[in-house]
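These are my notebook entries on one structure, written as I looked things up. I begin by placing the sequence and the model on the page.

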Amino acid sequence: MGANVFPGMSLVVLLAGAAVLGAVIGSFLGAALERLPDGRSVVTGRSACDGCGKALTVVELVPVLSWLIQRGKCRTCGSAIGRWQLACEMGGAIVGVVSVVLAREGLALAAMVLGWQLLLLGLLDLRHLWLPRVVVGWLAVSGLVVVAARCWGEGSADPLFVSLSGGAIGYIMLWGIARFYLKVRGREGMGAGDPPFMAAIGLWVGPLGVVEVMLGASIVGIAAAIVMLVSKRKVAADTALPLGTCLAATAWPIFLLQGLG
């Protein structure tokens with residue numbers, strides 16, 4: 001259980017702390033979700049209402065509670081506050097709590113870091129069909145840092161070789177599928193960011209995890225297509241489905257269940 005990484009701490013206190021921390025991180029992710037597509041800085045500039053431009057006060061920035069108390073509207077002009085922000089804050093809190101409860105021993109913090117990054121990337125792809133190389137790069141770097149810590153703890157470089165193998169297999173697998181589709185259909189069928197994203201995931205879950213993530217993402221994609229058909233939305237050969245979102249939704253549970261590759 002992930003809670004074992006914090007010996008002596010009450011589980012209730014630990015869960016509450018993870019929820020609060022996750023909500024705060026989720027608030028930052030919500031800002032990133034809005035600002036990154038517009039090329040705005042995520043770390044500079046005060047948060048402000050998109051409708052009237054008024055800078056938000058500390059009280060208005062309390063994750064989840066502020067949105068609920070204000071009923072999803074700006075206190076000054078009444079403009080709607082996007083539900084994407086609430087989704088990020090609640091998603092961040094859920095990642096924190098679930099990591100404590102389900103992550104393998106000693107990997108609760110790693111599961112949080114991975115989950116928060118996958119949450120942002122999954123939502124960016126769902127909303128904008130875009131996987132920023134910088135964010136994917138941080139996912140890869142953080143995975144290597146976690147693996148390096150494991151190598152240090154075990155006194156062996158084997159985990160690093162497994163991680164790098166997972167990254168290479170993940171990239172080659174999706175790159176090969178993309179090239180095959182292009183050759184057969186004569187047009188692009190996959191976003192340029194998907195192979196690097198799969199490579200970054202592979203660094204976290206290893207070769208076996210890559211295969212499991214691909215199978216899981218395929219199932220999620222098929223389920224999404226079925227839902228679209230049932231809801232009478234048009235689904236054609238060129239209908240864009242966010243593969244990155246499917247990969248993110250599958251990769252985190254797999255990491256929780258089996259840990260580092």
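Is cysteine 88 buried or exposed? I looked it up and found cysteine 88 buried, with a relative accessible area of 1%; here buried means under 20% relative accessible area, exposed means over 50%, and partly exposed lies in between, with a 1.4 Å probe and protein chains only.

Before going on, I note that this is a predicted model, in which local features need pLDDT of at least 70 and side-chain atom pairs count only at pLDDT 80 or more, while totals for chains, interfaces and linings use all residues. Residues are numbered from 1 along each chain as its sequence is written, and side-chain values use heavy atoms, with hydrogens and water left out.

I then searched the whole structure for disulfides (pairs of cysteine sulfur atoms within 2.5 Å), and the search found zero.

Entry on salt bridges. How many salt bridges are there? I took a salt bridge to be a side-chain nitrogen of Lys or Arg within 4 Å of a carboxyl oxygen of Asp or Glu, and by this rule the count comes to three.

One of them joins arginine 127 to glutamate 34, with the closest N and O atoms 2.7 Å apart. This pair links distant parts of the chain, since arginine 127 belongs to helix α4 (residues 108-128) and glutamate 34 to helix α1 (residues 11-35), 93 residues apart; helices are DSSP runs of H or I with at least four residues, numbered from the N terminus. Arginine 127 is partly exposed at 31% relative accessibility, and glutamate 34 is partly exposed at 27%.

I next looked at glutamate 154 and arginine 150, whose salt bridge has its closest N and O atoms 3.0 Å apart. Because they are four residues apart in helix α5 (residues 133-154), about one helical turn separates glutamate 154 and arginine 150. Glutamate 154 is partly exposed, with a relative accessible area of 47%, and arginine 150 is partly exposed as well, with 30%.

Aspartate 38 and arginine 40 also meet in a salt bridge through their side chains, at 3.6 Å from N to O. Aspartate 38 is exposed at 55% relative accessible area, whereas arginine 40 is partly exposed at 41%.

Entry on alanine 225. I found alanine 225 in helix α7 (residues 194-230), where I recorded this residue as buried, with a relative accessible area of 18%. From alanine 225 to leucine 241 the C-alpha to C-alpha distance is 8.4 Å, and the two are 16 residues apart in sequence.

Conventions: Helix = DSSP H or I, 4+ residues; strand = E, 2+ residues; numbered from the N terminus.
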